[in-house]
Amino acid sequence: QEPARGIMGKQKFGRRFAEMSAMVMMAKVDNLVKGGAIPKPVWYDAVTQHPPPALAPWAPKPKTISFPEVELMRAYQKRNPDWHFEPLSITRDPQDKSQKTRANLFISQWQKYIDQGLSREQAYSKVDAEFRQVEAKVIAEREHELDKMLRVGQLPAPIQAFIKEEDKYYNEALDQHRSAFSARKSREAAIAAEAAKVAAGGPSAEAESDG
C-alpha cells in the first residue's frame, strides 16, 4: 500500500502544480495584454471564456486486487518450505507452456476442489494425498526401472550421456598431450643432433648460416 500512496501523492502534487502554473501564466499574459506589452494571443479569448475545469484535489484509494490463486500459492509455499527447489520448467523447451510446475498443478487442483464445495483445509488434504500417491508411484517405477537396467549392466541414459561427454574431453586432452610430447621430443632430438655435430668438429647450424 505504501507505493500506491506515494504514487497518489505525486499525482496530487502534479495536478496542483499544473493548476498553479496555468493560473500564474494566465495572470502574467493577462497583465501583458492589458498593458499593451504583447499582442493578444490567438488562444486568449477561448481560454478566458472556457477555462479548463479544476481537477479534483484528491483521488480515491485504489482497491486491492487479489486473486484466490495468489492466496493459495502463499499458503502452499508456507506449508512446503522446499518449494523453491521445484524446477521452474519441467520441459527442455522454455517456450512450451503446456507443462506446469508441481506448485501450479497443486494450486489448480486445490482451487478446483474448493469450487466444488470443500473447505480450504479439506481440499488441501485431498490434493496433498493424491500428489503423494502419484509421486510415490512414479518414484517406485523409476527405481524399479533403474534396478532392472543395472542388473543387466545397462546405465541410465543421463549417466551414459555424462560418460560419453567425459570421454570426449579425455580424448581431446590426450590428443593435446600427445601433440605437445611429440613436439618436445622433436626439439630435443634436433638439439642433440646439433650438439653431436659440434662435438665432432663440424660447424654448427648458426655458423653455417653466418657463412
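Asp-30 and Lys-34 lie four residues apart in helix H1 (residues 2-34), and are therefore separated by about one helical turn. The model is a predicted one. In it, the side chains of Asp-30 and Lys-34 form a salt bridge, with an N to O distance of 3.1 Å. Side chains of opposite charge can pair when their charged atoms come close. Ten salt bridges are present in the structure.

Helix packing was examined for H4 and H5. Helix H4 spans residues 102-115 and helix H5 spans residues 120-151. Their axes are 9 Å apart and meet at an angle of about 135 degrees. The crossing of the two helices is right-handed.

On the H4 side, the contact is made by Arg-102, Leu-105, Phe-106, Gln-109, Trp-110, Tyr-113 and Ile-114. H5 contributes Arg-120, Ala-123, Tyr-124, Lys-126, Val-127, Asp-128, Glu-130, Phe-131 and Glu-135. By class, nine residues of this contact are nonpolar, six are charged and one is polar.

Helix H6 covers residues 157-199, a run of 43 residues. From first C-alpha to last, H6 reaches 62 Å. This is close to the 63 Å expected at 1.5 Å a residue. Gly-201 follows H6 and has a positive phi, near 95 degrees.

Key. Residues are numbered from 1 along each chain as its sequence is written. This is a predicted model: local features need pLDDT of at least 70, side-chain atom pairs count only at pLDDT 80 or more; totals for chains, interfaces and linings use all residues. Side-chain values use heavy atoms; hydrogens and water are left out. The expected span of a helix is 1.5 Å times one less than its number of residues. Axes are lines fitted to C-alpha atoms, for helices over the stretch in contact, and angles run from 0 to 180 degrees between N-to-C directions. A crossing is left-handed if the near helix is turned anticlockwise from the far one by less than a right angle, and right-handed if clockwise. Contact means heavy atoms within 4.5 Å. Ala, Val, Leu, Ile, Met, Phe, Trp, Tyr, Cys and Pro count as nonpolar, Asp, Glu, Lys and Arg as charged, and the others, Gly among them, as polar. A salt bridge is a side-chain nitrogen of Lys or Arg within 4 Å of a carboxyl oxygen of Asp or Glu.
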